[in-house]
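I opened this model to look up its overall layout, its charged pairs and a few loop residues. My entries follow.

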Amino acid sequence: MLVVLGGLPATGKTTLARLLADRTGAVHLRQGLSVVAESVNPLAVTRDAWRDAAVRAGVPYVEVEVVCSDPVEHRRRVGARSVDIPDLPLPGWEQNVEREYERWHRERAVVDTAGRSVEESLGSLLRVLG
């Protein structure tokens with residue numbers, strides 16, 4: 001299975017992707033196992049590329065948009081993030097809200113992390129995967 005997580009920075013994608021991979025035994029490199037891929041994934045063309053990769057591989061896929069619907073909490077998260085990839089510049093709040101991010105135009109699951117613990121958000125994601 002290919003699980004594709006997308007959403008703006010600081011919505012909880014990386015945290016959920018790591019926990020989901022750990023909980024389900026998925027990996028980030030494809031070796032015949034389930035894969036959890038996460039990125040901002042802001043454009044329909046990039047979302048289509050992920051979906052097409054799963055279709056070509058003949059595996060089921062799930063698209064999940066991770067959101068933080070509380071702008072105050074989201075802004076706090078943007079300011080509190082720490083980098084886990086050396087030399088990766090993190091966007092500030094203005095860069096985050098001005099970023100190009102196309103609306104989704106097909107069915108996907110949505111996990112809203114606002115006001116929820118990491119475990120509660122992971123529970124929502126696991127329910128989506130059934």
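**Entry 1: Asp84 and Arg18.** I began with Asp84, which counts as partly exposed at 45% relative accessibility (buried is under 20% relative accessible area, exposed over 50%, partly exposed in between, with a 1.4 Å probe and protein chains only). I looked for its charged partner. Asp84 forms a salt bridge with Arg18, and the closest N and O atoms are 2.0 Å apart (a salt bridge is a side-chain nitrogen of Lys or Arg within 4 Å of a carboxyl oxygen of Asp or Glu). Asp84 sits in the loop between H3 and H4 and Arg18 in helix H1, so the pair ties together parts that are 66 residues apart in sequence. Arg18 is partly exposed too, at 46%.

**Entry 2: ground rules.** I noted that the model is predicted: local features need pLDDT of at least 70, side-chain atom pairs count only at pLDDT 80 or more, and totals for chains, interfaces and linings use all residues. Residues are numbered from 1 along each chain as its sequence is written, and side-chain values use heavy atoms, with hydrogens and water left out.

**Entry 3: the fold.** I counted 5 helices and 4 strands in the protein chain (DSSP runs numbered from the N terminus: helices are H or I of at least four residues, strands are E of at least two). Along the sequence the pattern reads β-α-β-α-β-α-α-β-α. The C-alpha atoms fill a box of roughly 40 × 30 × 30 Å along the principal axes. How does the radius of gyration of the protein chain sit with a compact globule? It is 14 Å, which agrees with the value near 14 Å for a compact globule of 130 residues (taken over C-alpha atoms; the rule is 2.2 Å times the number of residues to the power 0.38).

I then checked burial and contacts. Buried residues make up 35% of the 130 residues. Of the contacts between residues at least 6 apart in sequence, 74% join residues at least 24 apart (contact means heavy atoms within 4.5 Å). The accessible surface is about 7,600 Å², and 54% of it belongs to carbon and sulfur atoms (Shrake-Rupley method, 1.4 Å probe; for residues, only the protein chains shown count as cover).

Entry 4: I picked out two more. Glu119 and Arg23 meet through their side chains at 3.4 Å, N to O. Glu119 lies in helix H5 (residues 118–129) and Arg23 in helix H1, so this pair ties together parts 96 residues apart in sequence. Glu119 is partly exposed at 48%, and Arg23 is partly exposed at 48%.

Asp48 forms a salt bridge with Arg106, with the closest N and O atoms 2.6 Å apart. Asp48 is in helix H2 and Arg106 in the loop between H4 and strand E4 (109–112), 58 residues apart. Asp48 counts as partly exposed at 25%, and Arg106 is partly exposed at 26%. Which residues do the shared partners join into one network? They are Asp48, Arg51, Asp52, Glu63 and Arg106.

**Entry 5: Glu63.** Is Glu63 buried or exposed? Glu63 counts as buried, because its relative accessibility is 5%. Its side chain makes a polar contact with the side chain of Arg106 at 2.8 Å (a pair of N or O atoms within 3.5 Å; within protein, one must be able to donate a hydrogen and the other to accept it, and residues adjacent in sequence count only if both atoms are side-chain atoms). Leaving aside neighbours within four places in sequence, Glu63 is in contact with several residues, including Val4, Arg47, Trp104 and Ala109.

**Entry 6: loops.** Most residues other than glycine have a negative phi. I found that Ala10 has a positive phi near 70°. Ala10 sits in the loop between strand E1 (2–6) and helix H1 (13–24) and counts as buried at 11%. Asp87 also has a positive phi, about 65°. Asp87 is in the loop between H3 and H4 and counts as exposed at 79%.
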